[in-house]
Each structure stands twice: as C-alpha cells, then as structure tokens.
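Here is a short report on aromatic rings and their neighbours. Look at the structure first, then read on.

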Amino acid sequence: MNPTRLFFAVALCIFCFSKTAVGQNWAVGLHFGENLSTLRGNAKTDYQLGFIGGMHVSHYLTKNMVLRLEANFERKGTRLEGADPNPDPGAPNFGDDYRFDYLSLPVMLRYSTKSKVKFVVGGGASVDYLVRQRTDYDGDQSLNQIGDYRRFDTDLVGAIAGSVPFGGKWTFSLEFRGMWGLVKVDKPAGLATEFGKNLTWGLMAGVNYYL
C-alpha cells in the first residue's frame, strides 16, 4: 500500500475509535501565513513568496497528543534562475516566475506540553490538488500551463509551534512549518529540464477554539 494512503487510513482509524481525553475533546480554528517555496530538480531555481490559509479540526487523543486535520489553500512556486534578460517571446528560456495554487488536506499528529503556554511539535502528510497554475514572463506576459503539471501532489509535513491562551476557550498560536514534496510536479517531454518536487518553508498564525 502507498505510504501516504496507509498514513491516512491509520489516522482515520485513530480519529474514529480513540478514547476522549479528559477535559478536552475537540478544537476548531483558522490559520494564515506566508511561505517560501521552490522546486527540487535539475533546473536552477530560487525561492518564491507564497501563502497558506485554511481551517483545522483537532481531536485530543490524550491530554498531550492531538490528531489535527486541515483544509488549506496554498500558493507555491519557484523562480527560474539564469533566464535570458532579452529573449524572443515564447522561447524556452523566457519563463521567469512559476506559481502553483493547491487545495491541500494535511493530517498531523501533534504533541503539546502541559504548561499554560504550550510548546507543540508534530508531523504528518498532505495530499494536494492543483487548481490553478500561472507562468509569468518578462515584459508583463503570463501563461496558464496547468496541462504541463501533475494535478496531485503528496507532501511530508513537519511543524514546531507555540500557543498562548486568551479569553477562556481560545488560544493564539504561531507555527513554523516545513513541507517536502514526494512527487515531481511537472511532466517534461523529451529532453526538457525537470523542475522536480516542491520544497516549502512557512510561518503562520492561528486561533483555536475548544469545544
């Protein structure tokens, strides 16, 4: 079985059949932040600024262990290095900035400390669906090339965060997150250079409400 499918199957079983933690059952919330992303492949690429935003649902398996499901909209991308500054329009080296918009569904196991100000660390996997792609060229030209890229991607996700309570059932969190793509995003034809797999680092803020 595919490792990602196995992870999601195990997570779903834990989510459905786990015992309720004393004093805390569920939490819901929103999060938003910025990221820097690039593609690991044969092409010479640099990081591109993007963003992530979405909602999450957390189920407390124990007082310290949380299973968290998210639904996000993410913008990833890369910047092509070494492009000819005065190319002919439509030439292969005319491309500059590549942007990929994904709907993503991460599932993570997260451990949090018992202190009032909590330290959180966790990891998991994400399945992403490409909904939009844009290539920006020098000279204010752009092109939709979504047909050249795979619609589905899979990421490993790691996170380190801190959270502080406010207003009774609310907490505010700040999280640093890394995402490592497992699938090559492009489908190069012939001898075309491969862009490779996504690599993303992000910082995001969020709020939780305990039900």
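## A charge over a ring

This model is predicted. Start with Lys-76 and Tyr-102. The charged end of Lys-76 lies over the ring of Tyr-102. It is 5.3 Å from the centre of that ring.

## A stacked pair

Now turn to rings that meet other rings. A pair of aromatic rings is described by the distance of the centres and the angle of the planes. The structure has 10 aromatic pairs. One of them joins Phe-32 and Phe-51, with ring centres 6.4 Å apart. Their planes meet at 25°, and planes under 30 degrees apart count as stacked, so this pair is stacked.

The two residues come from distant parts of the chain, 19 residues apart. Phe-32 belongs to strand β1 (residues 26-40). Phe-51 belongs to strand β3 (residues 48-60). Phe-32 has a relative accessible area of 52% and is exposed, because exposed means over 50%. Phe-51 is partly exposed, at 25%.

## A tilted pair

Trp-170 and Tyr-209 also form an aromatic pair. Their centres are 4.9 Å apart, with 55° between the planes. This pair is tilted.

Trp-170 is in strand β9 (residues 170-184), and Tyr-209 is in strand β10 (residues 197-210). The pair therefore ties together parts that are 39 residues apart in sequence. Trp-170 is partly exposed, with a relative accessible area of 35%. Tyr-209 is partly exposed too, at 29%.

Key: Residues numbered from 1 in each chain as written. Predicted model: local features only at pLDDT ≥ 70, side-chain atom pairs only at ≥ 80, totals over all residues. Heavy atoms only, no water. Phe/Tyr/Trp six-rings, centres within 6.5 Å; stacked < 30°, edge-to-face > 60°. Helix = DSSP H or I, 4+ residues; strand = E, 2+ residues; numbered from the N terminus. Buried < 20%, exposed > 50% of the residue type's maximum accessible area, 1.4 Å probe, protein only. Lys NZ or Arg CZ within 6 Å of the ring centre and 35° of its normal.
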